[in-house]
Amino acid sequence: MSNRNPFSTLLEQHDLTARLAVLQPAANRNDPIELTLTEAELKKTSYECISYDRSSGTAAAADNTVKVVVDGEEQTIPKQLESALRTFRRKERPRIFWADILVGRTVEERSAQANLQRHVLENAERTLCWLGPDKGESTAKAFETIHEMGRRFTEACRQVGMGPDESLSSMTVQKMMGLRERLLNCPFDDLNSFDFALWREIYDIFGAPYWKSVQCVSEIVLARAPIIVCGRSNIRWHQYIASSSAMPLYQAMFFRVPLLPHVFKGFEIANEIEIAERRRRLGQSIELLPMIQTARECQPADPRDSVFSMLHIAAPSDRVKFHARGPQPLPAIDYAKTPQQVFVDAARYAILERQDLMLWYAERPPCARRLKGLPSWVPDFGAVAPKTGGLFNPNAGMRRWWDEIRPAGARKPITVSADDAVHLQARPLDRIVRVSPIFTAGNARRLCFSEFKKMLDNTSSTPNSTSSSPHYANETPDQKADRFWRTLILNAVGAQGASASFRDRAAPAASLGAHFQSLVAEEGILAALDCTMADLQRPENAARMRDSPAFMALVPQCGRAGPYEALLVKHAVGRRFFRTEGGRFGMSAVEDVVAADNSLAGEEERQEGENRAAAITDVSQVTEEDARRADMGRLMNDPVGRSMMEGFQQYLNQRDPEAARIAARAMRGEIPGINEDELVRTDGGARAGDLVVACVGGFFPYILRPRPLAQPQRGEAEAGVVSQTEAGSVRPETRESERDAATYEYVGECYLHGAMDGEDFQASGAFGRRFFRVDTAKLVDITIV
């Protein structure tokens, strides 16, 4: 008896039709390409799909189109598709293909085609993933080597007992070591490792621009038989993935240098595709939100494709099992919608489907978005997030407190209204009273010292400043300093990758405080002498140090700042330090993505240039954003950039000492004649007066900005111009109106020291046991717009 469910046949669409392209044969390779479009029933037609490079870089090329004949009329298509058609064309028989541009050009055609695309891809006999034309014999040899690496990896997996559906991340340490030992049990000249031209060809295949084409994700995941093709050479998808798993090990063994960035990017995207393809094959859920994160890494030419291309493979989230709202309908693919409308629809779906705020995890805050016109709570899915890692493990910490709300009926579902506003429950934690400028790799030491000094000055001038927080009422200066330095480095240590989480990192030992004090001592001397490290050894500065007992008392502490400075640059760059009314310390989200991730510098600088191209000649008109763009230290988070700047500094030391001193100050983010605390701010980042809250459905503390009851004029609201002095204090006449309002704008996630494990919701029981106890009377209903 068949195990097939008889009811499943009722849902099958046997007569589903789609437009396909018939490629006419030609005796000579250089003959014009002729195509005929036909409406065909998918289940009864033998056809293939062509997946080709549509990445933003390729699409932007000036001469990227050629003409072909479609139904007797000339039409332009991308060169990448034309080269694929020319290679796949037969000499005597026609061949039937599907390719997006061939069957849909107008908005209506593209939308209609997209709604059928899942069925088209699933029913194709094979999907040909076209990397581009080959380079003759060198490409053939490269594919032979890739085949061999894949064969070895597959055999090694069989020998260690790794199944075909088992992922590398789930392997035991013993299996991983056994796999590595078997793969690397070969001589150093194996796989033609000394043939550098061959390996450059291998790099070109693994790092081909095709892998930055967002459409390739769904086209491979849904394919019956995906085949990677380059000219006349090809390899099946599962063999390609096996070879891509082995290749980094051989790279490390043979060459002992990291992979080139474009090759590593190709590996990353192929790995994400393999994970999604395996989950689909095993009947597991493929959520829309993480697939959008994969899509944006491809940087599509049309930002809407970050969402549209993933809708073909998306399935309901596993989170629907834990709430009563049930699965939500996926957004419709409609190319008549603007990117803003598409992103709002995707964000609405993610929140309602999951009933949590995971869409904010490690996202750009609103002030760092490229796309304008979005509600504050909607991420910019068209911009790549900086690779700085999340604040902590989203499955722990503050994730747990809202699961303990009792009675269960006191916890309300998250809803999104027709006017694109999010309605949820929140618990206010504190209000920000002071924010720092943004940390960069260049100014990190200087800002660390200046903010520490301001914090101490504030404490001495207002000794009761922490009275609203009984926990800090009897805090000693050493305890306050400990909280401060831990906050700046997010209370985390260790060298971790971009995927590392807070729970994977141990809190730093108290001994790290000595390295922090060394940094404070060094910067204290530099500030008192009004000099930089570059001219510290000048005779006049050395004499001043010898003549000052205060300086000489600090000297024994100096020279040990390195360990703390490294963590400071790793975790603080791109963020702002803030203090609250209750005496708490925190760090904002990454508001300067270039300072945090220099790989984004090119695109971000182009965007900034468009936004403010005119040169600033009047110092009084300089904004904080202008000063930050002029900060040479902003790019020193990149090892190459730092090395170049340090080399330039040495050159100036020899040729022009005065210019060298100016350059040294610029690298520290210092601009002559400008006080950072008096700069005008035009961004929407964290400010004094913002609230820090914990949200039901949230995973971190969040910063929200109350909307006053009396709204400003439209021009003022859009300009958002507030001076740093105004941002450093909260005016009494506006605070009461803001506190009465229940409508807020989302500013970003944040690190709030002493709150990341839900300490605000914990109580002590017998024998010191800690547990969550939520006072529902303190939960308030809020709206985020």
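**Entry 1**

I began with Asp 457, which forms a salt bridge with Lys 453, the closest N and O atoms being 3.4 Å apart. I note that the model is predicted. I then looked up where the two residues sit: both Asp 457 and Lys 453 lie in helix 14 (residues 444-461), 4 residues apart, about one turn of the helix. An α-helix has 3.6 residues a turn, so residues three or four places apart point the same way. I also checked accessibility. Asp 457 counts as partly exposed at 37% relative accessibility, and Lys 453 counts as partly exposed at 43%.

**Entry 1: pairs between separate parts of the sequence**

I searched the whole structure for salt bridges and found 47. I looked up the one in which the side chains of Glu 48 and Arg 95 meet, at 2.7 Å from N to O. Glu 48 belongs to strand 3 (residues 48-51) and Arg 95 to strand 6 (residues 95-98), so this pair ties together parts that are 47 residues apart in sequence. Are Glu 48 and Arg 95 buried or exposed? I found that Glu 48 and Arg 95 are both buried.

I next examined Asp 100 and Arg 54, whose side chains meet in a salt bridge of 2.7 Å, N to O. Asp 100 lies in helix 3 (residues 100-103), while Arg 54 lies in the loop between strand 3 and helix 1 (56-59), so the pair ties together parts that are 46 residues apart in sequence. Asp 100 is buried, with a relative accessible area of 14%. Arg 54 is buried as well, with a relative accessible area of 11%.

I also recorded a network of salt bridges that links Glu 148, Arg 151, Arg 152 and Asp 190.

**Entry 2: a covered helix**

I turned to helix 2 (residues 79-88), which is mostly covered, with 9 of its 10 residues buried. Among the buried residues of helix 2 are Leu 81, Glu 82, Arg 86 and Phe 88.

I then followed strand 11 (residues 422-438), where 14 of 17 residues are buried. Which strands does it pair with?

- Strand 10 (residues 415-416) runs antiparallel to strand 11 and is joined to it by 2 bridges. I found Thr 415 opposite His 423. The two strands form a hairpin with 5 residues between them, and Asp 420 in the turn has a positive phi of about 65 degrees.
- Strand 21 (residues 780-784) is joined to strand 11 by 5 bridges, antiparallel. His 423 stands opposite Thr 783 here.
- Strand 15 (residues 691-695) is joined to strand 11 by 5 bridges, antiparallel, with Asp 430 opposite Val 692.
- Strand 12 (residues 576-580) is joined to strand 11 by 4 bridges, antiparallel, with Arg 434 opposite Arg 579.

Methods
Residues numbered from 1 in each chain as written. Predicted model: local features only at pLDDT ≥ 70, side-chain atom pairs only at ≥ 80, totals over all residues. Heavy atoms only, no water. Salt bridge = Lys/Arg side-chain N within 4 Å of Asp/Glu carboxyl O. Buried < 20%, exposed > 50% of the residue type's maximum accessible area, 1.4 Å probe, protein only. Pairing = 2+ DSSP bridges.
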